[in-house]
Amino acid sequence: MNLQQPTPLMPPVHPDVQMKPLPFYDVLDVLIKPSSLGASTAQRYHQEKHFIFALTPQQVREVCISRDFLPGGRRDYMVQIQLRFCLSETSCLQEDNYPNSLCIKVNGKLFPLPGFAPPPKNGIEQKRPGRPLNITSLVRLSSAVPNQISVTWAQEIGKTYSMSVYLVRQLTSPLLLQRLRMKGIRNPDHSRALIKEKLTADPDSEVATTSLRVSLMCPLGKMRLTVPCRAVTCSHLQCFDAALYLQMNEKKPTWICPVCDKKATYESLIIDGLFLEILNDCSDVDEIKFQEDGTWCPMRPKKETVKVSSQPITKIEGKDFLWTPGSGFNQSVLALLIPLSHNLTQPVSRQNTT
């Protein structure tokens with residue numbers, strides 16, 4: 001009997017994959033839409049695939065005129081050619097995800113992957129954390145000559161990856177802060193309602209919470225808040241500073257809330273109107289207390305009072321004698337001691353003797 005082997009299902013060349021938007025990049029054009037890194041039966045271990053794209057004269061011009069000075073004195077293009085990898089999943093937006101043993105060549109030149117690969121664990125190679133790749137430095141900035149990207153990777157059972165190339169504009173943290181302000185400020189009444197909800201007595205609880213203390217200091221920089229914000233997905237009232245949060249994610253994008261350690265994406269950030277009012281009303285305190293009705297009061301440190309004794313002290317020959325009325329101390333002895341102590345404190349005049 002001749003049994004026919006079933007033909008393996010080949011993934012679509014252009015799967016309907018959507019990449020998760022990156023806050024610090026605006027997509028200007030799609031140069032190569034998500035394309036499947038399908039496994040080839042002729043290549044058993046390391047797979048290889050080639051892609052070609054060309055730039056239009058307008059795209060070349062946009063890249064060339066965007067070169068600018070960056071912090072540290074180096075120059076880079078603000079309009080970039082960006083390469084991204086992800087899983088070929090269509091159920092949701094995909095984050096950057098590299099295939100195993102990834103190797104990239106742009107126009108025949110090896111492109112170094114950013115960061116360090118984690119050390120092997122139990123003899124197994126660990127995957128690099130995925131991130132977008134700026135390949136502008138290896139791209140031919142000409143509309144007359146096409147560009148080639150060669151990708152090699154190790155096949156994984158049950159996983160298929162996609163690759164895409166975009167023309168993007170890199171953004172800065174001040175611009176993202178400006179966009180966040182333009183989204184508007186959350187109504188203070190929303191936060192007041194949240195306070196009342198948190199301080200509402202729970203009939204099943206034996207301990208009733210009647211007030212809530214909140215700091216006006218940013219947990220990131222330990223400085224006073226300037227633009228108080230938090231994610232709509234967070235359940236706490238404590239805010240962090242939006243400007244500092246964006247600066248930190250510009251250097252290393254993690255988008256983790258510094259208060260609860262949960263995801264706090266840029267799209268979920270809101271500026272708290274109630275905290276803005278509080279920061280404007282009191283500039284001399286670092287902590288406040290919310291009451292059950294949604295009102296608040298500043299928490300000022302209590303001043304320590306120093307008690308000073310009013311009892312007279314008589315000092316004689318470096319020794320202190322404490323006398324209080326009615327202590328039974330001989331009045332006549334005291335009368336003799338006081339003039340004596342006075343004489344001891346007078347300067348001694350020197351006489352020249354010949």
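Contact, in this tour, means heavy atoms within 4.5 Å. With that cut-off, residues 24 or more positions apart account for 68% of the contacts in the chain with a separation of 6 or more. The model is predicted, so that local features need pLDDT of at least 70 and side-chain atom pairs count only at pLDDT 80 or more, while totals for chains, interfaces and linings use all residues. Residues are numbered from 1 along each chain as its sequence is written, and side-chain values use heavy atoms, with hydrogens and water left out.

**The whole chain**

Colour the chain by secondary structure to begin with: there are six helices and 19 strands, taken as DSSP runs (H or I of at least four residues for helices, E of at least two for strands) and numbered from the N terminus. Of the 354 residues, 33% count as buried, a term that stands for under 20% relative accessible area, with exposed set at over 50% and partly exposed in between (1.4 Å probe, protein chains only).

**The open sheet**

Select β1, β10, β5 and β8, which in that order form an open sheet of four strands with antiparallel pairing; two strands pair if DSSP finds at least two bridges between them. At the edges stand β1 (25-36) and β8 (133-134), each with a single partner strand, so one side of each is left without a neighbour in the sheet. Between β1 and strand β10 (residues 161-170), which run antiparallel, there are eight bridges, and Ser 35 can be found opposite Met 163 in β10.

**The nonpolar cores**

Select next Leu 216, Leu 269 and Phe 290, the residues with the most contacts inside the largest nonpolar core, which has 37 residues. A nonpolar core is a set of buried Ala, Val, Leu, Ile, Met, Phe, Trp, Tyr and Cys residues joined through side-chain atoms within 4.5 Å. A second, separate core of 31 residues includes Leu 37, Ile 135, Val 151 and Leu 167.

**Strand β15**

Centre the view on Leu 269, whose contacts, not counting residues up to four places away in sequence, include Leu 180, Cys 229, Phe 240 and Tyr 245. Both faces of β15 are covered, with Leu 269 and Ile 271 buried on one side and Ile 270 and Asp 272 buried on the other. Strand β11 (residues 185-186) runs parallel to β15 and is joined to it by two bridges, with Ile 185 opposite Ile 271. By contrast, β13 and β15 run antiparallel and are joined by three bridges; here Ile 270 is the bridge partner of Arg 230.

**Helix α4**

Which residues of α4 are buried? They are Ala 242, Ala 243, Tyr 245, Leu 246 and Asn 249. They cover an arc of only 165° around the axis, which puts them on the same side of α4, the arc being that of the directions from the helix axis to the C-beta atoms. Among the elements that cover these buried residues are α2, β13, β14 (240-241) and β15. At the start of α4, look for the side-chain oxygen of Asp 241 that reaches to within 3.3 Å of the backbone nitrogen of Ala 243.

**Two loop residues**

Move to His 236, in the loop between β13 and β14, which is buried with a relative accessible area of 13%. A polar atom of its side chain lies 3.0 Å from the backbone oxygen of Gln 238. Leaving aside neighbours within four places in sequence, His 236 is in contact with Lys 198, Arg 230, Cys 257, Val 259 and Cys 260.

Asp 286, the last stop, belongs to the loop between α5 and β16 and counts as partly exposed at 42% relative accessibility. Apart from residues up to four places away in sequence, Asp 286 touches Ser 215, Leu 216, Met 217 and Arg 224. The C-alpha atoms of Asp 286 and Arg 300 are separated by 8.2 Å, the two residues being 14 residues apart along the chain.

Note on methods:
Polar contact = N/O pair within 3.5 Å; in protein donor to acceptor, adjacent residues only side chain to side chain.
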